[in-house]
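Hi everyone, thanks for coming. I'd like to walk you through a structure that may be new to you, so please have a look at it before I start.

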Amino acid sequence: MSSDGSHYSPGLEGVIAGETTICSVDDGLRYRGYSVAELAEHCTYEEVAYLLLYGELPTAAQLQAFQTRIAAARRLPLPLRDFLAALPKWTPPLDALRTAVSALSHFDQDVADNSHDANLWKAERLLGQIPVAIVDHYRLAQGLLPVPARQDLGQAANFLYMLRGSEPDPDEVKALDVSLILYAEHEFNASTFTARVIVSTWADMHAGITGAIGALKGPLHGGANEKVMDLLRAAGGPDTAAAWVQAALARKERIMGFGHRVYKSGDVRAQILKKYARQMAEKSGDLHWEETAEVIEQVMAQQKNMYPNLDWPAGRLYHAMRLDVPLYTPIFAMARVAGWAAHIIEQMDNNRLIRPRAWYKGPPPRPVRPLAERG
Ligand SMILES: CC(=O)SCCNC(=O)CCNC(=O)[C@H](O)C(C)(C)COP(=O)(O)OP(=O)(O)OC[C@H]1O[C@@H](n2cnc3c(N)ncnc32)[C@H](O)[C@@H]1OP(=O)(O)O
Ligand SMILES: O=C([O-])CC(=O)C(=O)O
């Protein structure tokens, strides 16, 4: 293929860069053929993670065994916990998680085994370890002792339990669980594609997921959910939000939580999670930010024909649940690890090195002048 740009699409927009059986975005969002709306209504995050990794929804016995294996992995090697405690207090939780996943590779006996089975074992262990890494680091940074994980709780409930050290509220567990399901997978998004590129060199699961967390950080991708509350606070309230967003658009600012590379007329996940964000705000007795968000949605639709993505309700939901903002992108990572791992396994099971070409726009061929002749 020539490098003259005839196949070039900036940002790879619209380019089919691989095959997958995990997720489709064309006919509504589906994981392995199931609509996310149905999965969010009828399943738990663990059922969905099993579906993504193994290709089918689990039977009750398969789910029980899967949950037991994940729960058994819910602890960190002590040297890693000590290292997390030693990080500067201002270390962003997502950066600490990226470091933790990289460090976990040194303690995993199967790190160099890229077989299908070993990749599944490593994925299950990471499903158990990642929430612990997030919460242990968070508590240690606040001078609090980590709370040991519970074996009897699902991912959402155990996360809230470890964070607060108290029995989690069932409504909060359900809302967080739905957000984890909706965040779990999304085809060839930037972080998943990063993971696939990394493992296409025959690196390993931990390398792929460490890189994926790095890619997730940016505010054009996972980092957007941490910007939502800043934006709402800047907008002030329902009475000032329209003028604020119009002025922000006039300044050519991006409204975080709006727009999407694939969805140009709305993201079904944002509709699903909006209901939970509102319910949780009602429960907290404060609808101020829901009402402010409503005004911003109207202005964005009218003026830009642009609609919310999943990060928009997720930021508000987590705020209504009294979670600190720097935990929001780590929660995205804790959910997306199922999708990342499924894609890593799919890539490695049928691998070809991912190595595209670039359209060269630099200087034409020219001779090297010896150092003494330059200047
Ligand atoms: C779960 C997720 O990770 S979803 C993504 C989360 N990210 C965000 O919410 C960040 C805000 N959104 C954005 O920046 C974008 O919509 C993206 C990056 C998500 C997708 O954008 P792309 O498909 O690459 O479109 P692109 O960045 O080329 O933007 C096209 C035009 O729309 C504008 N635009 C895109 N998103 C927004 C936005 N949120 N607010 C205002 N304008 C926007 C751009 O400024 C650009 O305008 P121009 O043509 O006048 O320069
Ligand atoms: O698909 C994308 O570009 C971004 C993403 O991860 C998502 O929407 O969940």
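**A walk through the helices**

Let's begin with Asn 119, which sits in helix H6. Before going on, a word on what you are looking at: this is a predicted model, where local features need pLDDT of at least 70 and side-chain atom pairs count only at pLDDT 80 or more, while totals for chains, interfaces and linings use all residues. Residues are numbered from 1 along each chain as its sequence is written, and chains are lettered from A and ligands numbered from 1 in the order in which they are written. When I say helix or strand, I mean DSSP runs numbered from the N terminus, with at least four residues of H or I for a helix and at least two of E for a strand.

Back to our starting residue. Is Asn 119 buried or exposed? Asn 119 counts as buried, because 25 C-beta neighbours lie inside 10 Å. The cut-offs are these: 20 or more other C-beta atoms within 10 Å of a residue's own make it buried, 12 or fewer make it exposed, and anything in between is partly exposed, with C-beta atoms placed from the backbone.

Leaving aside residues up to four places away in sequence, Asn 119 touches Asn 114, Met 205, Ile 344, Ile 345 and Met 348. By touching I mean that the C-beta atoms, placed from the backbone, lie within 7 Å. Asn 119 is also 9.7 Å from His 206, C-alpha to C-alpha, although 87 residues separate the two in sequence.

The axes of H10 (residues 205-216) and H16 (residues 328-349) come within 10 Å and cross at roughly 135°, which makes H10 oblique to H16. Axes here are lines fitted to C-alpha atoms, for helices over the stretch in contact, and angles run from 0 to 180 degrees between N-to-C directions. Under 35 degrees is called roughly parallel, over 145 roughly antiparallel, 65 to 115 roughly perpendicular, and the rest oblique. On the H10 side, the contact includes Gly 208, Ala 212 and Leu 216, and on the H16 side it includes Phe 332, Arg 336 and Trp 340. By class, this contact has eleven nonpolar, two polar and one charged residues. Ala, Val, Leu, Ile, Met, Phe, Trp, Tyr, Cys and Pro count as nonpolar, Asp, Glu, Lys and Arg as charged, and the others, Gly among them, as polar.

Two further helix pairs are worth a look. Helix H3 (residues 60-72) packs on H6 at about 60°, with axes 7 Å apart, so H3 and H6 are oblique to each other. Arg 69, Ile 70, Ala 71 and Ala 72 of H3 meet Glu 124, Leu 127 and Gly 128 of H6. That contact divides into four nonpolar, one polar and two charged residues.

Helix H4 (residues 78-86) and H5 have axes that come within 11 Å and cross at roughly 155°, so they are roughly antiparallel to each other. Leu 80, Phe 83 and Leu 84 of H4 make the contact with Ala 96, Ala 100, Ala 103 and Leu 104 of H5. By class there are seven nonpolar, no polar and no charged residues.

Next comes helix H15 (residues 311-320). Ten of its ten residues are buried, so H15 is largely enclosed by the rest of the structure. Its cover includes helix H8 (170-183), helix H11 (228-235), helix H13 (268-284), helix H14 (288-304) and H16. Just after H15, Arg 322 takes a positive phi of about 65°.

Finally, some more backbone angles. Most residues other than glycine have a negative phi. Leu 12 is not a glycine, yet has a positive phi of about 55°; this residue lies in the segment before strand E1 (23-24). Arg 32, with a positive phi of about 45°, lies in the loop between strand E2 (30-31) and strand E3 (34-35). Arg 32 is partly exposed, with 19 other C-beta atoms within 10 Å.

Notes:
Two residues are in contact if their C-beta atoms, placed from the backbone, lie within 7 Å.
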